[in-house]
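User: Could you walk me through the charged side-chain contacts here?

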Amino acid sequence: MRIRPAVAVTFLTATLSASMLPATAQAADRSAADDTTFSNVVVNGGKDIVLGPTTRTTVTITWTAHDPEGVATSWAYLWHGPNTDDADGALPLYPPTGTCAVSPADPTTSTCKVSLAVDAARDFDHNGLAGAWKVLAGAQDTKDEWTEIDVAGTANFKRYAKVTVNASPEPVKKGRTITVTGKLTRANWESGTYTGYQGRPVQLQFRKKGSSVYTTLKTVTSGVGGTLKTTTKARTDGYFRFVFTGTPTTGPSTAAGDFVDVR
């Protein structure tokens, strides 16, 4: 990678301060420093980042930078796309806060952390940004040699999903048919709304009154506009819910149980 997205790159110094330089300014000053390595790269504590149309959250990146000469500065950011030259998304877009600390037991090693302010309405303008993002990690050693790794780690950004449920009639006689309906929607980052998610498997689950355990009765497929509809027999008082387990680009969702009184 020679040309990076036009974003500010975070420099984290071992003296617990942070400064910012444009990516293009430091690209010309970089030299090969293959002795620098990066490890323990973790984004958001290893959890997916699930965003609604207007979600605002803070995402952390933590990593360890090691160099035999010692690490003078280190930085990291997130990017999305086929490669860094053609990236269609990058974070941070605005200066975050961050720190690096030299290990008391090993002056050649620094542990680093940066916090990124993520605003879905600002930073995610198309749905193609859902899925795997990469971590670019870089460092400068005490001899002013630079190293960057385009894919030092990965993170998953997903679209927030919602699922609803309604079981009827209520009350119902034992043995009669219960109709369970609902809707599966997910965040549309382009329109700023939630839109129907069609053709996805959703579990219908039931919990008997007095129990804390749900069991899966069947799996249904969401229809046009994300609609859900199925039937089951009334056997005992309890709660029905729909559960969507998610996809590589969409987060999971579970509806609150809807109680049916069986008489």
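Analyst: A salt bridge here is a side-chain nitrogen of Lys or Arg within 4 Å of a carboxyl oxygen of Asp or Glu. This is a predicted model, where local features need pLDDT of at least 70 and side-chain atom pairs count only at pLDDT 80 or more, while totals for chains, interfaces and linings use all residues. Residues are numbered from 1 along each chain as its sequence is written, and side-chain values use heavy atoms, with hydrogens and water left out.

User: How many salt bridges does the structure hold?

Analyst: There are five, and one of them joins Arg263 to Asp261, with N to O at 2.9 Å.

User: And is Arg263 buried or exposed?

Analyst: Arg263 counts as exposed, because its relative accessibility is 65% (exposed is over 50% relative accessible area, buried under 20%, partly exposed in between, with a 1.4 Å probe and protein chains only).

User: What does Arg122 pair with?

Analyst: Arg122 meets Asp123 in a salt bridge at 2.7 Å, N to O; Arg122 is partly exposed at 35%, whereas Asp123 is buried at 8%.

User: Which pair links distant parts of the chain?

Analyst: Lys143 and Glu69 form a salt bridge whose closest N and O atoms are 3.7 Å apart. Lys143 lies in the loop between strands S10 (131-141) and S11 (146-159), and Glu69 in the loop between strands S5 (56-66) and S6 (71-80), 74 residues apart; strands are DSSP runs of E, at least two residues, numbered from the N terminus. Lys143 is exposed at 54%, and Glu69 is partly exposed at 38%.

Note on methods:
Helix = DSSP H or I, 4+ residues; strand = E, 2+ residues; numbered from the N terminus.
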